[in-house]
Amino acid sequence: MFSMLKQTKTISKFHTALKNCQAIILVHWLLTVWGCMNYLFPASYAWGNFSILAVGIWAVVQRDSLDAIMMFLTGLLLTVLTDIIHVCVFYPSNDYLTDVKRFSIGMAIFSLLLKPASCYFVYQMYRERGGEYTFNIGLTRAGQDRSTYEPIDQQDASPQWPDPSKAAPHPY
């Protein structure tokens with residue numbers, strides 16, 4: 001009974017993570033559609049965001065794929081940068097700012113503000129799927145304990161292979 005309860009709890013946790021991923025995709029899809037209204041941003045804004053949302057759908061469909069969820073997380077992080085650039089470069093002056101453009105920019109900025117939280121939740125899903133991301137640039141290797149290594153320059157160790165010069169003569 002305990003194992004059945006534990007299995008039910010694991011399945012429930014998995015379905016919650018799946019629903020979270022679906023909610024993230026739905027919210028960002030809606031905000032991207034609203035951000036693309038009135039053709040304020042170039043096509044690169046729409047292509048970038050919608051393609052990452054397609055990768056998110058792939059992550060939902062393939063529930064056990066670490067590659068799909070990692071690509072979705074990486075794509076979300078990259079779209080944070082590209083969205084900042086799009087909003088900064090294509091923000092219109094006050095003379096050309098209509099209500100529709102204000103709404104479109106507001107939704108793009110709102111999507112941008114939600115993306116760090118979405119990245120956090122997607123990272124948690126990545127960890128739940130068994131992924132482990134450790135950032136290693138090699139600085140921790142300098143202090144490793146090397147006492148378990150066998151030195152190769154000592155001569156008093158017994159040789160692994162017999163010395164051919166001391167081998168017994170072959171009878172011919």
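Is Trp34 buried, partly exposed or exposed, and what is its relative accessible area? In this predicted model, Trp34 is partly exposed, with a relative accessible area of 32%, on a scale where buried means under 20%, exposed over 50% and partly exposed in between (1.4 Å probe, protein chains only). The model is predicted, with local features needing pLDDT of at least 70, side-chain atom pairs counting only at pLDDT 80 or more, and totals for chains, interfaces and linings using all residues. Residues are numbered from 1 along each chain as its sequence is written, and side-chain values use heavy atoms, with hydrogens and water left out.

The overall picture comes next. The protein chain has four helices and zero strands, in the order α-α-α-α along the sequence; helices (H or I, at least four residues) and strands (E, at least two) are DSSP runs, numbered from the N terminus. Of its 172 residues, 28% count as buried. Contacts are heavy atoms within 4.5 Å, and among those between residues at least 6 apart in sequence, 75% join residues at least 24 apart. The chain exposes about 13,000 Å², of which carbon and sulfur atoms supply 64%; accessible areas come from the Shrake-Rupley method with a 1.4 Å probe, and for residues only the protein chains shown count as cover.

H1 gives the largest share of the patch, four residues, while H1 and helix H4 (99–128) each supply at least two.

A contrasting position in H1 (residues 2–35) is Thr32, which counts as buried because its relative accessibility is 1%. Its side chain reaches the backbone oxygen of His28 at 2.6 Å; a polar contact is a pair of N or O atoms within 3.5 Å, where within protein one must be able to donate a hydrogen and the other to accept it, and residues adjacent in sequence count only if both atoms are side-chain atoms. Leaving aside residues up to four places away in sequence, Thr32 touches Tyr45, Asn49, Phe50 and Leu53. Among these, Tyr45, Asn49 and Leu53 are buried in H2.

Ser111 sits in helix H4 and is buried, at 0% relative accessibility. Beyond residues up to four places away in sequence, Ser111 touches His28 and Leu31. The C-alpha atoms of Ser111 and Leu31 are separated by 5.8 Å, although the two residues are 80 apart along the chain.

Helix H3 (residues 66–90) has 25 residues and reaches 35 Å from first to last C-alpha, close to the 36 Å expected at 1.5 Å a residue, the expected span being 1.5 Å times one less than the number of residues.

The loop between H1 and H2 holds Asn38 and Tyr39. Phi is near 70° in Asn38 and about 50° in Tyr39. Most residues other than glycine have a negative phi. Asn38 is partly exposed at 36% relative accessibility, whereas Tyr39 is exposed, with a relative accessible area of 77%.
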